[in-house]
Amino acid sequence: MLAYFAKRIGMMVVTLFLIITLTFFLMHAIPGGPFTSEKMLAPEIEEALNAKYGLNDPLWVQYLNYLKGIITLDLGPSFKYPGIRVNDLILDGLPVTAKTGFLALLCVAALGIPLGILAALNQNKWQDTAVMMLATVGVAIPSYVVATVALYIFALQLNLVPTFGLDDWRGYILPVAALSGFWLSFIARLSRSSLLEVLGQDYIVTAKAKGLHPLSILFKHGLRNALIPIVTVLGPVVANLLTGSFVIEQIFALPGIGRHFVLSISNRDYTTIMGITIFYAAFLMVMILIVDILYMLLDPRIKLADRNK
Amino acid sequence: MTAIDLKDLTISYSSVPVVHGANFSVADGESFALVGESGSGKSTILKAISGLNDEWTGEIKLFGEKIDPKNRTDISRITQMVFQDPYGSLHPRKTVDTILNEPLAIHGIKDDGTRVLEMLSAVGLDKRYRFRYPHQMSGGQRQRVAIARALMIKPKLLLLDEPTSALDVSVQAEILNLLKKLRKEQNLTFLLVTHDLPVASFLCDRLAVMKGGEIVEIASREQMTKGELKAEYSNELLGVHAQKLGA
Amino acid sequence: MSEKLLEVQDLRVTFPTHRGDIDVVKGISFDLGRERLAIVGESGSGKSMTGRSILRLIRSPGRVTATKLKFDNIDLLDQSEKQMRALRGARISMVMQDPKYSLNPVLTIGEQIGEALRTHQNLPRKQVHDRVIDMLDQVRINDPDRVAKLYPHEVSGGMGQRIMIAMMLIPEPDLLIADEPTSALDVSVQAQVLDLIDGLIQQKGMGLIIISHDLNLVANYADRVLVMNAGEIVEECDASALKDAQHPYTKGLLAAVPRIDETREELPTLDRSQWDAT
């Protein structure tokens with residue numbers, strides 16, 4: 001078991017190293033530098049800036065320096081905001097992004113799964129039809145459309161929530177709803193079909209034949225099995241909530257990491273782009289590891305350690 | 001001429017050997033059974049011969065030709081397989097006509113539909129079944145379709161993997177009769193995998209008894225029916241059947 | 001307790017379809033004492049539906065009706081769902097075909113057997129554990145302490161079925177319904193499992209309904225046999241008299257099975273038109 005996790009973490013380090021290398025060289029393969037822009041800088045100034053940030057060194061020296069920085073958890077200086085380090089940009093945006101992301105994930109799990117159960121238990125009745133209709137709409141309409149329309153109705157017309165910013169709790173409602181809409185619908189559908197499949201299994205008949213209470217059958221025998229496929233998709237769900245946040249943070253003008261990321265691309269702020277990419281990659285790998293651990297706890301048939309034999 | 005010749009065949013799944021050094025040969029036109037319980041390796045041998053598993057060492061010769069596990073196309077023209085579950089082995093969204101024409105298309109054989117009608121009648125299905133879907137048919141009828149599909153390209157060898165164990169006894173009798181009749185008519189060689197000794201007794205000339213990945217005995221049908229099997233395990237299996245019949 | 005453990009009269013199991021209601025069990029009647037009754041038939045004969053209807057486990061939209069369906073003088077059709085739950089497992093139990101599917105894959109064997117007991121009796125944890133170990137011992141499982149901690153995928157089919165039997169017999173029911181209890185098992189294990197059921201049933205003085213497609217098999221393990229075809233009982237006889245069965249369907253089934261010393265060139269097949277027309 002321990003050997004398995006040691007191996008997994010080793011693999012994560014290797015993957016991360018590959019991502020760092022790839023983003024670094026891709027970044028440097030793009031023509032032009034961070035200081036090429038519409039407003040032409042005087043050649044002397046550009047030269048001085050290049051020298052200051054070590055951009056005149058051979059590429060491999062820059063690469064090694066960058067790696068050295070990463071080992072000490074330093075993602076380097078931002079090219080666009082003098083005196084600010086990429087670490088600071090990420091730490092600055094993290095609370096907002098983490099909070100909206102976590103709330104969205106909570107919505108997905110705490111609403112999506114119960115809605116799916118409700119639909120499954122009332123198969124082909126009105127509850128089922130209602131949930132499935134909502135879920136279909138949620139899956140079909142992209143989050144940025146939902147966000148824009150909701151902003152127009154609830155913020156501009158009805159004045160129920162603020163149009164931007166997170167000054168109080170009401171500010172979170174629209175961004176979280178827009179962010180979680182798709183995955184909430186997706187998880188509701190998945191929970192429904194997964195639970196329906198499980199409830200048709202022979203071991204559910206066994207549980208009934210034992211004289212168990214319906215609630216015990218649902219929770220102990222049904223849900224524990226039905227959750228297995230749901231947990232499997234939670235890893236990708238977290239990833240997609242993250243990428244979704246780039247767009248949502250733009251629309252609602254939230255000061256999160258996503259906004260920095262989008263800005264850094266149009267600004268050619270190399271170190272910020274690389275820094276955020278690497279940060280997200282590391283975060284995702286940790287999430288996937290957590291999902292695998294959960295998976296193993298839920299399903300005794302999965303022995304992670306065995307896979308490497 | 002020998003239809004199948006196995007020498008020192010060792011088969012593995014993910015590097016774990018599950019069949020250890022199997023040797024036997026089956027004559028052209030003979031019907032040979034591999035009997036044993038689950039996990040004995042009988043189906044594994046069938047899979048190796050048919051190309052569904054290429055993790056093996058030793059030698060497999062079919063009609064005198066050595067088999068290269070990496071290149072199977074020449075083999076599928078002379079051998080076809082019939083599986084246990086007629087519900088799982090037919091494509092649910094294709095009609096009988098499409099299912100039967102597929103082997104022809106794979107081997108680039110041109111046909112105007114006469115072969116389909118010919119095979120339907122050979123397996124005892126009325127031609128009105130030609131454009132039905134598998135779910136519109138009973139288990140026995142589907143197994144007839146599976147047999148017809150296997151026979152479309154006129155193979156010389158049929159590999160039968162528990163072809164009747166998913167069927168009711170009355171339907172089993174029909175399919176067993178059909179297989180016996182087809183073998184005679186088309187001069188086929190059978191390699192049958194079964195856990196059911198009486199089925200082997202009805203359909204086969206010789207049998208190999210397997211246990212734990214090894215062949216414990218090869219005997220003729222007569223030896224079995226007269227109770228002259230030598231290996232202790234073979235008699236154990238026979239005894240179980242006798243007991244079941246209340247003898 | 002009355003002489004009759006189970007009384008069934010005009011039992012019907014009906015499923016609505018878009019072409020109207022279809023009876024899969026068409027008004028059958030039989031009685032059962034503390035004896036071993038076999039219900040034999042092919043797929044679609046209604047034999048499993050008969051077994052499940054006694055426990056009222058037919059899933060909606062299926063319906064069970066009968067002029068009489070009494071277990072130990074309790075009218076089963078008159079019981080509330082809650083009253084039925086008190087009967088299921090505790091007094092009437094059911095073993096199903098394949099332990100691979102009928103045991104919950106994510107719960108340990110000990111948990112699943114213990115649950116069957118705890119549902120019906122309020123016992124301290126220690127006592128439940130002791131009873132589980134004792135029950136595993138009764139179904140001849142070596143090292144029951146170790147096996148109780150295993151998950152279903154970690155045991156063989158034969159062992160799984162013995163575990164299933166342990167789970168269904170631990171609350172000491174009066175009637176066991178065994179639905180194809182051995183058809184997913186290897187031949188050599190089948191006899192062991194049937195002997196085990198037989199021994200426990202006789203020892204505890206229970207009633208048994210064994211549902212099977214295999215006439216020869218049940219002849220050895222039942223006192224009486226009902227042969228079902230297309231939702232109806234076509235023949236009822238003593239198990240020992242099965243060889244002299246009268247109905248063409250029963251005769252046909254018996255003849256269709258190949259034998260070890262097979263000399264017939266062709267197996268007789270059922271001519272269903274003989275009695276379907278009537």
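I take buried to mean under 20% relative accessible area, exposed over 50%, and partly exposed in between (1.4 Å probe, protein chains only). The model is predicted, so I note its limits: local features need pLDDT of at least 70, side-chain atom pairs count only at pLDDT 80 or more, and totals for chains, interfaces and linings use all residues. Residues are numbered from 1 along each chain as its sequence is written, chains are lettered from A in the order written, and side-chain values use heavy atoms, without hydrogens and water.

**Entry 1: helix α1 of chain C**
I looked up α1(C), residues 47–54. Helices here are DSSP runs (H or I, at least four residues), numbered from the N terminus. C:K47, C:T50, C:G51, C:S53 and C:I54 are buried in it. They lie on the same side of α1(C), because they cover an arc of only 165° around the axis. I read that arc from the directions from the helix axis to the C-beta atoms. After the helix comes C:R56, with a positive phi near 50°.

**Entry 2: cores**
I count a nonpolar core as buried Ala, Val, Leu, Ile, Met, Phe, Trp, Tyr and Cys residues joined through side-chain atoms within 4.5 Å. The largest has 88 residues, and C:F30, C:I163 and C:I209 touch the most other members. A second, separate core of 54 residues includes B:M119 and B:L229. I then listed contacts of C:F30 (heavy atoms within 4.5 Å). Beyond four places in sequence, its partners include C:T50 and C:I54, both buried in α1(C).

**Entry 3: chains C and B**
I find 30 residues of chain C and 29 residues of chain B in this contact. The buried area, the accessible area lost by both parts together (1.4 Å probe), is about 2600 Å². Carbon and sulfur atoms give 57% of this area. I find one salt bridge across the interface (Lys or Arg side-chain nitrogen within 4 Å of an Asp or Glu carboxyl oxygen). C:E265 forms it with B:K184, the closest N and O atoms being 3.5 Å apart. On the side of chain C that touches chain B, α8(C) gives the most, with six residues.

**Entry 4: chain A**
Chains A and C share the most contacts of the two touching pairs. Chain A and chain B do not touch; their nearest C-alpha atoms are 10 Å apart. In chain A I checked A:D128, which lies in helix α5 (residues 126–140). A:D128 is buried, at 3% relative accessible area. Leaving aside neighbours within four places, A:D128 is in contact with A:A119, A:N122, A:Q123 and A:R192.

Terms used. Helix = DSSP H or I, 4+ residues; strand = E, 2+ residues; numbered from the N terminus. Buried area = accessible area lost by both parts, 1.4 Å probe.
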